[in-house]
Amino acid sequence: MVRFVEENTKHMEKETGNISNTDVTTVKKKALQDLNINNGVNSWVDSMRACSPTHLKSLMKRSSWLTEHPSALDMFGEILHVSEGKQIVMFLDYDGTLSPIVDDPDRAFMSKKMRSTLRKLAICFPTAIVSGRCREKVYNFVKLTELYYAGSHGMDIKGPAQGSKYKEDKSLLCQPATEFLPMIDEVYQKLVEKTKVTPGANVENNKFCASVHFRRVDEKNWSDLANQVRSVIKEYPQLRITQGRKVLEIRPIIKWDKGKALEFLLESLGYANCTDVFPIYIGDDRTDEDAFKVLRDKRQGLGILVSKFQKETNASYSLQEPHEVMGFLQRLVEWKQLISGA
Ligand SMILES: O=P(O)(O)OC[C@H]1O[C@H](O[C@H]2O[C@H](CO)[C@@H](O)[C@H](O)[C@H]2O)[C@H](O)[C@@H](O)[C@@H]1O
């Protein structure tokens, strides 16, 4: 598999011609990290197994992990204290953060209560949803015009519709991977064809990326499915594979992720290099780590990981599930309404 990445990277050097050695090394390093490759293709599968709740439960020492990543609900007062005098900007992942994880990706609905909380939140603070799903799909789940939406892992960003509080940003649009659209479409078709022999496999077209779902596939067939994905992607050196919750995500090898999307949105809102802004990013998945890392590196705002189990993370705080996320958002709204006398 290491050879697979190296071959891909070499091929990419040939294809693009103009990338520097540093870029190649970074991309190579990143690709190796993305695939978590040490022992071959099954490392995806091993890693997916290792992340599954049943496995994590056996490793769980939640109490010590909670010391390092305390509950954002328990620490609410302190969070308010550190954000004092600063503009809070909210960034929220969708699946597993605002909606519970379910078997069928098309049925990952958000509760009415969560929607109503989000609506109030967006009145109090600039709020963005940052998701691996395509933007249109997340919008169809959330259905709130007041928010910023960053779909396809941040590769498709749009500001609120006209009439919202932040209407001056209505034209905001960022799509750094448009040239990859035909390629992703082609790969999506090939993945559908290739994986149809695996019962339960499901490929989702997320516009600038594609997701191959393992959740409804019998674990004994995970290696086969991973091999099917690999056999398609090896023909596309300009694409990379990252791993989410029982999902492999195929996306352009460009240097863009949820962390870059967060930076882009902060900049668009006029908070680039600002010391009086306090971004809060809440997410549950590996892809959210890019955003947590940006905040940690900048020592700005904070990241909150949604997880019932201990995980390696760059987030500072934790919440256990979407229900707790809603509780945290409600408290933020109540506090804001109280201080503004609403
Ligand atoms: O960034 P996100 O909003 O968290 O999107 C990441 C992926 O989320 C979805 O898959 C996950 O949720 C599904 C529904 O609960 C679940 O069945 C699946 O196992 C999870 O991985 C979405 O379907 C993917 O396209 C996103 O990439």
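Of the 24 residues around the ligand, those that come nearest are Tyr94, Asp95, Pro105, Ser131 and Gly132, a residue being near a molecule if its C-beta atom, placed from the backbone, lies within 6 Å of it. The model is predicted: local features need pLDDT of at least 70, side-chain atom pairs count only at pLDDT 80 or more, and totals for chains, interfaces and linings use all residues. Residues are numbered from 1 along each chain as its sequence is written.

The shell around the ligand divides into 6 nonpolar, 8 polar and 10 charged residues; Ala, Val, Leu, Ile, Met, Phe, Trp, Tyr, Cys and Pro count as nonpolar, Asp, Glu, Lys and Arg as charged, and the others, Gly among them, as polar. At least two residues of this shell come from each of β7 (210-213) and β9 (247-252). Helices (H or I, at least four residues) and strands (E, at least two) are DSSP runs, numbered from the N terminus.

The chain is divided into domain 1 (2-57 + 177-252) and domain 2 (71-176 + 256-339), with bounds from an automatic or database domain assignment. The contact between them takes 21 residues from domain 1 and 19 residues from domain 2, two residues being in contact if their C-beta atoms, placed from the backbone, lie within 7 Å. On the side of domain 1 that touches domain 2, two or more residues are given by each of α4 (53-59), β6, β7, β8 and β9. That side has 5 nonpolar, 8 polar and 8 charged residues. Both domains give residues to the shell around the ligand, so the ligand lies between them.

An open sheet of 4 strands has antiparallel pairing and the order β6-β7-β9-β8; two strands pair if DSSP finds at least two bridges between them. Its edge strands, β6 (202-205) and β8 (239-244), each pair on one side only. Neighbouring strands are turned by 20° against each other on average, direction ignored. Axes are lines fitted to C-alpha atoms, for helices over the stretch in contact, and angles run from 0 to 180 degrees between N-to-C directions. The antiparallel strands β6 and β7 are joined by 4 bridges, and Asn205 has Ala210 in β7 as its bridge partner. Helix α9 (residues 181-195) packs on the sheet and touches β6, β7, β8 and β9, its direction making about 15° with that of β7. Helix α10 (residues 222-233) also packs on the sheet, touching β7, β8 and β9, and its direction makes about 155° with that of β8.
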